[in-house]
Amino acid sequence: MTKAIASDLLSDAHHLPDADFRGLIADASHKALLRAASAVRDEGHGRLVSYSRKVFIPLTHLCRDVCHYCTFARPPRRGEAAFMTPEQVLEVARAGERAGCHEALFTLGDKPELRYRAAREALDSLGYESTIAYLADMCALVLRETNLLPHVNPGVMTADEIDTLRRVSVSQGIMLESASERLGKRGGPHYGSPDKDPKVRLETMRLAGEQSVPFTSGILIGIGETRAERIDALLALRAQHREYGHIQDLIIQNFRAKPGTRMHDAPEPDLAELMWTIAVARLAFGPDANIQAPPNLSADDYPKLLMAGLNDWGGVSPVTPDHVNPEAPWPHLAVLRRRTEDAGHRLVERLAVYPEYCADLARWVDDDLAPRVLVNMDAGGFARTESWSPGIVMEPPAADIPVAPNLAQIDPKISQLIDKAGQGDELDENQIITLFDARGPDYHAVCRGADELRKSVNGDTVGYVVNRNINYTNVCYFKCQFCAFSKGKLSENLRGKPYDLAIEEVLRRAHEAWDRGATEVCMQGGIHPDYTGDTYLRICRALKAELPDLHIHAFSPLEVWQGAQTLSLPVSEFLARLRDAGLGTLPGTAAEILDDDVRDILCPDKIRTDDWLSVMRAAHNIGLKSTSTIMFGHMERLDSWARHLVRVRDLQKETNGFTEFVPLPFVHMEAPLYLKGRARKGPTFRETVLMHAVARLALHPHIRNIQVSWVKLGRAGAAACLEAGANDLGGTLMNESISRAAGTAHGQEMPPEQMDAFISSMRRVPRQRTTVYHDVPDQRLRQSYDAAPLEPINLTPVRKRQIDDAPATSVASA
């Protein structure tokens, strides 16, 4: 008889010792279990329900085991090959790749060469000693010839076999099925199947845990086990996971009676029994676990499984059938999405390795395979499902162009956070992460909420500044792993030759910009080993001497910090000298990600988070305004984004010195970090738009202006961000070197005529502004239109020199 059990007891059941857990489950009602399991799932996964778009590769149907319910395994047949050939494997894999799959699921019988002469002879003819060796080579083939990520289910393995397969697959698996040795005795479904001994299978899992292999396991229900034996199996798996943390997902699979098997007339577990087992699994493993059940084995009832704490549908193939359950076709992906969302959840595609394990690839995935995972994942560790990347000329994915959301489908938690931010109440890091994780209708709600806030703060005006970028040198002795711009012995030499502009060229470009209506010159460069603080001071003085009304927006916090170091000055004093020499404002670059765990990899020798904030604080305290930026989409995660926004917001609350926030999506094509296999392909389009939208919400009311980089996103990308909280397009630029060096193809100038036309096409009001968001004098406005074409630039070659005897025309001694 069940008792009324307090929900908090069930919610904390994953912490209980085994005996207490068994007792609690025995006393709980079916309804209480489902309710608690669903709440626990929501605590860990929210509304997200994942699946893997896979292609099923049945390498061999031969198996030395004779499970009484299985139709996948079969003995050798005359005229039928024992194994798929490499050509057949590749044909199926390529079909999956064309259909957008990310996973190559290799399923096969367990060591058939130990039972069948036909298997031994086939392996001999192929040149392999074992099925595992052949499987490893087929995984390697798929890795070489496609973009798919192999997942392998080869059965019982030794430590050496696990190690071999770890080098060519991103995850492995073996179903425990049951912990009951009774089922292996005469009359049981596992009789005659030595590899189904629970101790043997658990030992394979233990060995995988020791080698940090992301591992799939689970139980098969309805094959004659009792509920108590199911709990035994779940607790045995839980014990392994507690020790190694390697069970990335737990499958609860319901038995299906199949014609031609010894269990063809055995009763199948009903939906209630399946839901009970899923709920118990969720409560045993807790909120963070991935609990999976195949949707094709529950006919039209599969959405009901979500009520039991499920958060994953497993692998679903648009190409191949379920070779283990061929009588049960997978649902069409569009139908799976619709029915999942009708149940109040968000369907999201994952990889063969789950997001939690993608977050620590150094531990869980072989070094040679980690780059393959990185380029196929987004910042949340889910599958990257688009070809779009910042800098590439390509239409953005239509599903992520902001539209009005269906209000009935929005998660109340998302609505509450949007309302909270709109009222000026601060969001904490976890709440910001929740917004960054928004998908589907929730994503569109965040974009709409941010845009409504933008309209209330900025109206329909979209600003831009007529300016010119001048990057005075691309020589740099820092070794930032994302930078394709800098050149020199200590940098990653990738595109173009090193240069160090003559001061005459700097002044010529500034004069040309002024003649074309510019109000600002933006100057930054690499940290040239010959540059000192005096270099930056002389640049300012030279410009102001010739163009006193041209605003100088220059010198990142890194340049300021380095300049102060070379002169042995406090940063605040050096900034005061720069201000007095004519510096007007600072760009907020060199921020990258304000999280030192990320900076340790991204830019290990660059200034730390506190240094960047300290430079900006000092600048603001002496009256110098600055922008603020984030460079995102490389190897960081959502928590780093949230941390960055909070740190920018906290400093703004203290100083009120930031004029705007500028998201800078990582352009990957020529970046050393990407070419070394250590970065993603920039943010996805959804992530890019969300960065602007969430920044609008999280920084309100402290930072009023959110700027979008048209040079990185193109017009279509910029337009989407302007519909999601952004209100500014930045500069016309005239020249742009840094993004182009990284590979962007969106041009390097958008003159006022084009700016106005673009903004007007969105039914917004264009506004030329100054660097600090004031109105531009009429004379400057008039001069900015119909400007003459730019003269060719002159990149002064680098010459080895010392500061004291540098030519008078060099920037270093300007």
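This is a predicted model: local features need pLDDT of at least 70, side-chain atom pairs count only at pLDDT 80 or more; totals for chains, interfaces and linings use all residues.
Residues are numbered from 1 along each chain as its sequence is written, and side-chain values use heavy atoms, without hydrogens and water. Local features need pLDDT of at least 70 and side-chain atom pairs pLDDT 80 or more, while totals for chains, interfaces and linings use all residues.

**View A. A salt bridge between Arg53 and Glu349**. The closest N and O atoms are 3.7 Å apart; a salt bridge is a side-chain nitrogen of Lys or Arg within 4 Å of a carboxyl oxygen of Asp or Glu. Arg53 lies in strand 1 (residues 48-60) and Glu349 in strand 9 (residues 346-350), so the pair ties together parts 296 residues apart in sequence. Strands are DSSP runs (E, at least two residues), as are helices (H or I, at least four), numbered from the N terminus.

**View B. A salt bridge between Arg338 and Asp342**. The closest N and O atoms are 3.8 Å apart. Both residues belong to helix 11 (residues 333-342), where their spacing of four residues is about one helical turn. Arg338 is partly exposed at 46% relative accessibility, whereas Asp342 is exposed at 56%. Buried means under 20% relative accessible area, exposed over 50% and partly exposed in between (1.4 Å probe, protein chains only).

**View C. A salt bridge between Arg643 and Asp595**. The N to O distance is 2.4 Å. Arg643 is in helix 24 (residues 638-655) and Asp595 in the loop between strand 14 (583-586) and helix 22 (596-602), 48 residues apart. Both residues are buried.
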